[in-house]
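Here is a friendly walk through one protein model, written for someone who likes to know how each term is defined. Please keep the sequence and the 3D view open as you read.

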Amino acid sequence: MRFFLILSIVVAAAWAKSYDGYKLYRLHPTSKDQVELLKKIENADKIDFWSHLRFSGQPIDVMVEPTTQDAFTWFLNMQGIKYDIAIDNIERIVEEERMQQMSAPRSASGSISFSKFNRFDEITAYMNKLAADYPNLVQLETIGHTTEGREMKMIQISSNRGARKPIIFVDAGIHAREWLAPAQALYLIKELVENEANRHLLEKVDWHILPVFNPDGYEYSHTTARFWRKTRSNQGPCKGTDANRNFGYHWGEVGTSDSPCSDIFRGPSAFSEPESRAVRDYLLYRRNDIKLYLTFHSYGNYILYPWGFTSALPHDDNELRSLGEKVNRAIVAAGGRTYTVGTSTNVLYGAAGGSDDWAKGVAGVELAYTIELPAGGSGFDPAPSQIFGHVQQTFEGIKDIVVAAAWAKSYDGYKLYRLHPTSKDQVELLKKIENADKIDFWSHLRFSGQPIDVMVEPTTQDAFTWFLNMQGIKYDIAIDNIERIVNEERMQQMLAPRSDSGSISFSKFNRFEEINAYMDKLAADYPKLVQLETIGQTTEGREMRVIQISTKRGSRKPVIFVDAGIHAREWLAPAQALYLIKELVENEANRHLLEKVDWHILPVFNPDGYEYSHTKARFWRKTRSNQGACKGTDANRNFGYHWGEVGTSDSSCSDIFRGPSAFSEPESRAVRDYILYRQNQIKLYLTFHSYGNYLLYPWGFTSALPHDDKELRSLGEKVNNAIVAAGGNSYTIGTSTNVLYPAAGGTDDWAKGVAGVELAYTIELPAGGSGFDPAPSQILGHVQQTFEGIKEFGKYIEYKFA
């Protein structure tokens, strides 16, 4: 007994800061007004708000020094704010934690423990040992030094260092007193490196982890002041800066303080702290590779994503929320508590200058999250017996994050069969299995002497091969493993230089947000030439925007309406529309194409599907509407002209599902309404698809020719001749049914048959890669060649209608 008394005296003497008599008040505000009153004293001296000041039904924890308790209690009573004393003497809790830390077995050099909170030197020694023991898996990099000269060490974990895989960047401990955060980062490191059962988490993703963002503050909270939060830089009257208010994106705005003595002091300038500068520089240097930013804090059970500087939602709120909820479900399934998911401002409070806001807003990391881990003890310090459970449960959620960074859909083992039918009968046999599960026909089923491409899942390949052999259908394997092609494309996309905001590239396929930013910039830079119009919203809330290009807006010139990307996976189609826009607006040599004709262009008809094909399933074709058993509708079977007839399916799981009714999709309704409103002006309808080198015109619902077949064919041949003269491949020209196959409910049939647009065409662009994805080096050539043909359309409309 005497030994423990002496030990406690020694421990207390070793700590400069005593919390004797400090109380933890647990407040229970009953209105937003009461929370607003609390905000007015948030930065008062000797009062430390541990919980987030928001009226959410959750209690608010506040630590108050002894000399201020009477005044604080008086204030609460005067304002009618209910409270209880959660901890009567904070020092007792701190003392218990100190004793647990002191009595826990000291880790052997190079090892760590989850029965205590590890010190910074133990963490560093552990990483050094991992680098020595796993040289093919682990590499360390010192990314900077703290104010007090400590090294900030990053551990890079990769199963193939030269592969340039997508990176998940993780940091922890930006706030010194939040000891559970570095413990979580350490458990993640341990599981990724030492547990071979988790090697699959390294197959397609690299992990770069900074287990202690704020080493000076972390050590100070261990040795001197348990509830120290900030860095340890010299800031005049008081020390330290809140590094999570110090990042240079909306720095110094809401939820920060200009007082060096405040726990939310933003620093004298953005990136004043060496710690925040080190992380900034690391992220910027790898911005093209880092696909997810994750920062651990405690406490509160929150999964937060940007923005913290505003209550406005990010454009990809649906995706961010969906992934957050998936992580939460995995944690709960592992026995953890439920997390609240949402943007920082809307779930908690406004706080500008945060690391996650900057990662998304400046570094361009699409997926950025803050995880506020569970509470325990005083709040920041779960008992040692709880540490292991918390970090294990959270790890189960983190594993789900890998899917987002490395794509949910794998095409490993999928094969692309190239069939060579020798008769119409063989093609008819193939039509009978066209909608079979796990078989995806990429080519049009027609006996034309051209091969037919079919992607087949691994589990169906034996049966499919048997069927081909039984029917005498010749074939070869065009692609032995589709995943290899998809991975090559992913890497090309990731390694392509990131476009500056408002610019686009033809050395990669541009994402939807980049396309929107480009159109915004054109509208700002060319206000007399360009006007944007939002014509509708998709199922997932994305705006469908048409760019109207005209030299004289009120003149009612004939209009050429163009759309692209109705089928999500056909990435070359939006690229073609973008090149057309770029040439019409930015190239003055093409101004003659605008003298007597206006161009209205919808570069992405199906934004939800297009983004889904970029982030989740590369060969997704349909929209993303909810259709019962399966998602999505083929919008090119959804138009209300001979809807539901030949070449469509009533199965929601089919890639040619026509929808439950004509115009069931918000995307098809938006285009319908836009064209009908301008049907007297629109003289040509043009829709880009890929792939196949076809120049098609109505009808798709019947083999009968339109009354103006000669004119349509003649113009098609002019366009083809121009493309060939520019070095492109020759196109097959004719009606959809007679060149390819019958397919009712298409956009071009409806444009001609209902809206009365005389000239309506579908251009199936060239193939490349797997078919849908030419190599980046091919994109510019394809779109340039096709543009020469598009100019012929413009000339003809000018000649006939202007």
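Which residues in H13 meet which residues in H14? Gln426, Leu429 and Leu430 in H13 meet Phe467, Leu468 and Gln471 in H14, where contact means heavy atoms within 4.5 Å.

A word on the source: this is a predicted model, in which local features need pLDDT of at least 70 and side-chain atom pairs count only at pLDDT 80 or more, while totals for chains, interfaces and linings use all residues. Residues are numbered from 1 along each chain as its sequence is written, and side-chain values use heavy atoms, with hydrogens and water left out.

**Two helix pairs**

Two packed helices are described by the angle between their axes and the distance between the axes. Helices here are DSSP runs of H or I with at least four residues, strands are runs of E with at least two, and both are numbered from the N terminus. Axes are lines fitted to C-alpha atoms, for helices over the stretch in contact, and angles run from 0 to 180 degrees between N-to-C directions.

| Helix pair | Angle | Axis distance |
|---|---|---|
| H13 (residues 424-431) and H14 (residues 461-471) | about 155° | 11 Å |
| H2 (residues 32-39) and H3 (residues 69-79) | roughly 155° | within 11 Å |

H2 and H3 cross in a right-handed way, meaning that the near helix is turned clockwise from the far one by less than a right angle. Gln34, Leu37 and Leu38 of H2 make this contact with Phe75, Leu76 and Gln79 of H3. By class, the H2 and H3 residues involved are four nonpolar, two polar and no charged. Here Ala, Val, Leu, Ile, Met, Phe, Trp, Tyr, Cys and Pro count as nonpolar, Asp, Glu, Lys and Arg as charged, and the others, Gly among them, as polar.

H13 also passes H14 in a right-handed crossing. The contact of H13 with H14 has four nonpolar, two polar and no charged residues.

**The sheet and its helices**

Eight strands form an open sheet in the order S5-S6-S8-S7-S11-S14-S12-S13, with mixed pairing; two strands pair if DSSP finds at least two bridges between them. From one strand to the next, the twist averages 20°.

Within the sheet, S7 (residues 167-172) and S11 (residues 290-298) are parallel partners over six bridges, and Val170 stands opposite Leu294 in S11. H8 (residues 274-285) packs on the sheet and touches S5, S6, S7, S8 and S11, its direction making about 130° with that of S5. H6 (residues 180-194) lies across S5, S6, S7, S8, S11 and S14, at about 150° to S8.

**Covered and exposed**

How many of the nine residues of H7 are buried? In H7 (residues 215-223), seven are buried, among them Tyr218, Glu219 and His222. Buried means under 20% relative accessible area, exposed over 50%, and partly exposed in between, with a 1.4 Å probe and protein chains only. The buried residues of H7 pack against H4 (90-103), H5 (120-133), S6, H6 and H8.

Arg106 sits in the loop between H4 and H5 and is exposed, with a relative accessible area of 60%. Not counting residues up to four places away in sequence, Arg106 touches Lys116, Asp121 and Glu122.
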